[in-house]
Amino acid sequence: MNETMQQIVNACVPVLCLLITAGGAYLVALLKKRTAQIEKELDNETAAKYMNMAADAVAQAVTYTAQTFTDALKAEGKFTKEKQIEAFNKAKDKTLEILGDAAVNALGEIYGDFDTWVETKIEQVCREIKTPEADKTAATTAAATAASVATTIAATAVQQIAAEAVPAAAPETTAE
């Protein structure tokens, strides 16, 4: 290689190294951003999965309790206020059994106070069982709307938590 060619190569090597380093840093930043986006999407999907699982578990538990406990007592005329509370507790226990500890813990993070949510949901399902068919359509629409709103609230909360976890950039100072 002649001397001129060697000088060109020597001049280009630092520039190429700089470009490779800058390109690598850009790719790392791009990968981090995409990874965070995927994690957020997974969190939203996971939250929706657990919320649907919880609603199904409550419906199953209430139906099970009605079939194995409440209906027989009502047929015998022995469904008292005390038995109503016992049926409620049986439905709640069955819901917790169906969901398991991991789901209950995840739902506690989503809803905040899981006990309040599950108790309210049991009452809702009991009301739906007693509601005539014409009213069930309205109740179903309201429940679907409420579920949609809850999903939106949960997704927003996850986004806010993620945003708060990222440190804020230092404020820019301007010369006066």
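**Surface, salt bridges and core**

Modeller: Met5, Ile8, Val9 and Val13 make a nonpolar surface patch of about 310 Å². Keep in mind that this is a predicted model.

Biologist: Switching to charges. How many salt bridges are there in the whole structure?

Modeller: A search of the whole structure gives five. One of them joins the side chains of Lys78 and Glu76, at 3.8 Å from N to O. Lys78 counts as partly exposed because its relative accessibility is 48%.

Biologist: What does Asp115 form a salt bridge with?

Modeller: With Lys92; the closest N and O atoms are 3.7 Å apart. That pair links distant parts of the chain, since Asp115 is in helix 3 and Lys92 is in helix 2, 23 residues apart.

Biologist: Are those two buried or exposed?

Modeller: Asp115 has a relative accessible area of 39%, so it is partly exposed. Lys92 has 15% and is therefore buried, the cut-off being under 20%. Lys92 and Asp115 are also linked with Glu119 in a network of salt bridges.

Biologist: And Glu97, which residue does its side chain meet in a salt bridge?

Modeller: Lys94, at 3.5 Å from N to O. Both residues lie in helix 2, three residues apart, which is about one turn of the helix. Glu97 is exposed because its relative accessible area is 57%.

Biologist: Now the inside. How many residues has the largest nonpolar core?

Modeller: It has 19 residues, and those with the most contacts inside it are Val58, Leu99, Leu107, Phe114 and Ile122. Helix 1, helix 2 and helix 3 each supply at least two residues of this core. Helix 2 gives the largest share, seven residues.

Biologist: What does Leu99 touch, leaving out residues up to four places away in sequence?

Modeller: Met53, Ala54, Ala57, Val104, Leu107 and Phe114.

Biologist: Last one, Lys121. Buried or exposed?

Modeller: Lys121 counts as buried because its relative accessibility is 17%. It lies in helix 3, which covers residues 114-130. Not counting residues up to four places away in sequence, Lys121 touches Ala55 and Val58. Lys121 and Ala55 are 66 residues apart in sequence, with their C-alpha atoms 7.5 Å apart in space.

How values were computed
Residues are numbered from 1 along each chain as its sequence is written. This is a predicted model: local features need pLDDT of at least 70, side-chain atom pairs count only at pLDDT 80 or more; totals for chains, interfaces and linings use all residues. Side-chain values use heavy atoms; hydrogens and water are left out. Helices (H or I, at least four residues) and strands (E, at least two) are DSSP runs, numbered from the N terminus. Buried means under 20% relative accessible area, exposed over 50%, partly exposed in between (1.4 Å probe, protein chains only). Contact means heavy atoms within 4.5 Å. A nonpolar core is a set of buried Ala, Val, Leu, Ile, Met, Phe, Trp, Tyr and Cys residues joined through side-chain atoms within 4.5 Å. Patches are made of residues with over 30% relative accessible area and no salt bridge: like charges are joined within 9 Å, nonpolar side chains (Val, Leu, Ile, Met, Phe, Trp, Tyr) within 5 Å. Accessible areas come from the Shrake-Rupley method with a 1.4 Å probe; for residues, only the protein chains shown count as cover. A salt bridge is a side-chain nitrogen of Lys or Arg within 4 Å of a carboxyl oxygen of Asp or Glu.
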